[in-house]
Amino acid sequence: MKALPFGYPREDSCQRAWAYEVTKVSIARSRVLKRYRTVLRVLSRYGFSVLAERFGGDGAEGRGERLRYALEELGPTFVKLGQMLSVRSDLLPPDVVAALERLQDQVTPVPFGQVAEVLEAELGSPLGEKFREVEPEAVAAASLGQVHRAVLHDGRKVVVKVQRPGVAGQVDLDLHVLKGLARLASRRTRWGRNYDLPAVAAEFAAMLRAELDYRAEGRSAERFRKNFAGDPEVSFPAVHWEYTTSRVLTLERVGGFRVTDRPALEQASIPPAVVAQRLAGAIFRMVLRDGFFHADPHPGNLFVGPNGAIIFVDFGMVGDLTPAMRANVVDYVVGVVTQDADRVVEAILRMGMIHRPGGRTALRREIVRLQQKYGEVPLRQVQFSQALTETLAAARRFEISFPTGYTVLLKAMTTLEAVARQIDPDATLVGLAAPYAELLIQEGLQPKRLLFELGRDLAQASRHVVRIPGQVGHLLSLLEEGEFRMSLDHAGLDPGLARLSAIANRLAIAILLASLIIGTALIASTGKDSFLQRYPIADVGFLLIGAVGVWLVVSILRSSHS
């Protein structure tokens, strides 16, 4: 046994273990630093700096496309980041958001041999014991995983989603880098501070880690199935839990064709308008009734079954709204459909956070302007996505930000409108939402609903009332102990105080100058026998008095003209 510093003994094996841990930490740090350098080098090559106040300025040409290329080059984590930012119109300008919407999350599939290794390691047995067959060709490949068709031994057809080898470690490394960059931007830029970029990065990290856990996606699929049980117009695949882990998800293989396949719709004699209405109805029920919705309703995730039912797949991106958030969304939808500007403004303000003084008034003016702009357009011709883009652009100008739950929902709604228009060119989200808005208005006027809202408001008020005695008691205790402090911030007071300080300084200089004049005059009047007359003190004093006097006069004249 060897003695370590300070006399603590340790066995050689312990020393080796300690050295091994130090080596691991050093390697981890070197990997992080290397990744930092790579990220900064790529961003710099495409013309971006993490310390810039904005993405190259509002007039920067091609900045959105350059950012898209940079994120695609940086890999899966940054592609997912770009997809998340594509719903944040309250953070980024429209041209950047539009470019990020075109991010490609399609990559070359990994060889099937690696897929088989993951399946066997996760399911704990050889591939042939779990599946009768697994197609080696991937039907879809994204940055985090890829999908293969398979058949179980009992003949059931399934699809198996398998996580790409090594992607979890790369995501963890990239998230560490992103959090560091967010903290840096928050310290160095006003934009980063206003929008709390570290919180945005933390929220993104939580979303991405949840997406890496395929069991969470399976639970989402089951939740949708439960919410729509017995509904013949909407369908969701079943989860095979015995073949599902955190890195493998096995789902029922659904039939049908893509929701935007118009020739297939015609062949099945299903009117496109009916499909668009069913799709919109499913999303509205998710949002307004359940508060839990599919957040990525693009054509690749939507199919039409033989009976005309809308089939949803891929539940990696979902949204979950609290009752309060759902109530705000209801008010927003009803306000848009009924063209009630005040209701829209109040709903937006309850949803978001205002970072600029006067933002509330400015936003109200902008919403009224938009209402006047769209007021002459027939309700069923109003494009929700265009109106929403203008609304969020106004919110960004007035520095109003929204929690991600709202922005994910708004993005889902714009995607829904685009898909609905592909199915039925005459469809608009506002027109599709009108029947649901009418039901919501009627529900809001029902006595039961009014009593519920009244009870909720009274409960909230009672909670505040109950807290008042305790808060008053605490205040009195602070007064008794002499620890009460009050901070007063008077707008416009600092310039006045600065001017008073300058006046006081000049007055002090004038008094000092008068004292010098009197003192110098007394020295000059002393007798010749005084030792003061042996030196030119009076002459120097009068020169100093003259210089200070000239400076004081010039300073006063300058301040009178400023």
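Two strands pair if DSSP finds at least two bridges between them. Helices (H or I, at least four residues) and strands (E, at least two) are DSSP runs, numbered from the N terminus. The model is predicted: local features need pLDDT of at least 70, side-chain atom pairs count only at pLDDT 80 or more, and totals for chains, interfaces and linings use all residues. Residues are numbered from 1 along each chain as its sequence is written, and side-chain values use heavy atoms, with hydrogens and water left out.

**View 1. Four strands form an open sheet.** The order is β7-β12-β11-β9, and the pairing is mixed. β7 (234–235) and β9 (257–258) stand at the edges. Each has a single partner strand, so one side of each lacks a neighbour in the sheet. β7 and β12 (residues 310–312) run parallel, joined by two bridges. Ser235 has Ile311 of β12 as its bridge partner.

**View 2. Helix α3 is largely enclosed by the rest of the structure.** The helix spans residues 76–85, and nine of its 10 residues are buried. Buried means under 20% relative accessible area, exposed over 50%, and partly exposed in between (1.4 Å probe, protein chains only). Among the buried residues are Phe78, Lys80 and Met84.

View 3. A salt bridge is a side-chain nitrogen of Lys or Arg within 4 Å of a carboxyl oxygen of Asp or Glu. By this rule the model has 22 salt bridges. Arg209 pairs with Asp172, with the closest N and O atoms 3.3 Å apart. Arg209 lies in helix α9 (residues 197–212) and Asp172 in helix α7, so the pair ties together parts 37 residues apart in sequence. Arg209 is partly exposed at 38% relative accessibility. Asp172 is partly exposed too, at 39%.

**View 4. Arg223 forms a salt bridge with Asp320.** Their closest N and O atoms are 3.2 Å apart. Arg223 sits in helix α10 (residues 214–227) and Asp320 in strand β13 (residues 318–320), 97 residues apart. Arg223 is partly exposed, with a relative accessible area of 35%. For Asp320, also partly exposed, the value is 47%. Elsewhere, salt bridges that share partners join Glu65, Arg68, Glu72 and Arg102 into one network.

**View 5. Arg156 forms a salt bridge with Asp154.** The closest N and O atoms of this pair are 2.6 Å apart. Arg156 is partly exposed, with a relative accessible area of 37%.
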